[in-house]
Each structure stands twice: as structure tokens, then as C-alpha cells.
Amino acid sequence: MTPCKACGEPLDFVKTPEGKWMPVEGDEAEAFPMFLGDPAGEQLTVVTEMGIVFKGRKAMRNENGTMTVRGRLSHWGNCTHAEQFRKKP
């Protein structure tokens with residue numbers, strides 16, 4: 001694991017299908033119940049070990065319509081300095 005250059009949190013990286021490296025948190029994949037594409041509530045960005053990115057609202061395990069995504073959280077959702085790494089248009 002490598003520390004984030006901005007906040008110092010330990011990171012790992014997963015390669016996306018587009019060939020880009022996505023910073024992720026945690027050592028192992030976890031199961032995240034979520035509503036995909038729902039903008040209300042606490043948002044999650046989960047990256048699978050194959051590099052597929054899922055975005056949506058955090059859900060309770062027993063809520064109807066949820067999907068469980070197995071992966072790790074994207075570091076950009078939690079980094080206090082993520083904005084400094086975003087590409088400018």
C-alpha cells in the first residue's frame with residue numbers, strides 16, 4: 001500500500017478497463033449494498049477487482065431494489081484533498 005500524496009491515508013490501486021489506475025481503500029474487497037444511480041443519501045463509489053466502477057446510494061441490506069457490489073471504496077470519495085488531483089477541463 002502507498003500513502004496518498006495529499007492526506008497520507010494508505011492506498012492501493014486497481015486498473016480500470018480503460019487502462020487508468022483508480023486509488024482504492026482497504027486491503028480486501030467487501031460487499032456493499034447500494035441503489036445504483038440514486039442521488040439521494042450517502043453516496044458510494046465502489047471499484048471491483050476487475051476495475052468496474054459502481055456509483056450509487058448506500059442502502060440497508062434488507063431494502064428492496066438494492067444491488068450488492070463486491071469491491072473496495074474509491075479513495076476520491078473520502079480524500080479531503082481529492083480536488084487537487086482532478087483534471088482541469
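**Cysteines, barrel and core**

Modeller: Cys79 is buried, with a relative accessible area of 9%. Buried means under 20% relative accessible area, exposed over 50% and partly exposed in between, with a 1.4 Å probe and protein chains only.

Colleague: What sort of model is this?

Modeller: It is a predicted model, where local features need pLDDT of at least 70, side-chain atom pairs count only at pLDDT 80 or more, and totals for chains, interfaces and linings use all residues. Residues are numbered from 1 along each chain as its sequence is written, and side-chain values use heavy atoms, with hydrogens and water left out.

Colleague: Back to cysteines. How many disulfides?

Modeller: A disulfide is a pair of cysteine sulfur atoms within 2.5 Å. By that rule the count is zero. Cys79 is in no disulfide, and its nearest cysteine sulfur, that of Cys7, is 3.9 Å away.

Colleague: Is Cys7 buried, exposed or partly exposed?

Modeller: Partly exposed, at 28% relative accessibility.

Colleague: Change of topic. What is the order of strands in the barrel?

Modeller: The order is 4-6-5-7, in a closed barrel of four strands with antiparallel pairing. The twist from one strand to the next averages 60 degrees. For that angle, axes are lines fitted to C-alpha atoms (for helices, over the stretch in contact), and angles run from 0 to 180 degrees between N-to-C directions.

Colleague: How are strands and pairing defined?

Modeller: Strands (E, at least two residues) and helices (H or I, at least four) are DSSP runs numbered from the N terminus. Two strands pair if DSSP finds at least two bridges between them.

Colleague: How many bridges join strand 5 to strand 6?

Modeller: Five, between residues 43-47 and residues 53-58, running antiparallel. Leu44 stands opposite Gly56, and Val47 has Val53 as its bridge partner. The two strands form a hairpin with five residues between them, and Gly51 in the turn has a positive phi of about 90 degrees.

Colleague: What about strand 7?

Modeller: Strand 7, residues 67-73, pairs with strand 5 over two bridges in the antiparallel sense; there, Val46 stands opposite Leu73. Strand 4 is joined to strand 7 by five bridges, also antiparallel, with Phe32 opposite Val69.

Colleague: And how many between strand 4 and strand 6?

Modeller: Three, antiparallel. Met34 has Lys58 as its bridge partner in strand 6.

Colleague: Which residues make up the largest nonpolar core?

Modeller: Phe32, Met34, Leu44, Val46 and Val69. A nonpolar core is a set of buried Ala, Val, Leu, Ile, Met, Phe, Trp, Tyr and Cys residues joined through side-chain atoms within 4.5 Å.

Colleague: What is Phe32 in contact with?

Modeller: Leaving aside neighbours within four places in sequence, its contacts include Leu44, Val46, Val69 and Arg72. Contact means heavy atoms within 4.5 Å.

Colleague: Arg72, then: buried or exposed?

Modeller: Buried, at 4% relative accessibility. Arg72 lies in strand 7, and a polar contact of 3.1 Å joins its side chain to that of Glu49. A polar contact is a pair of N or O atoms within 3.5 Å; within protein, one must be able to donate a hydrogen and the other to accept it, and residues adjacent in sequence count only if both atoms are side-chain atoms.

Colleague: And Arg57, buried or exposed?

Modeller: Arg57, in strand 6, is buried at 17% relative accessibility. Not counting residues up to four places away in sequence, Arg57 touches several residues, including Asp38, Glu42 and Glu63.
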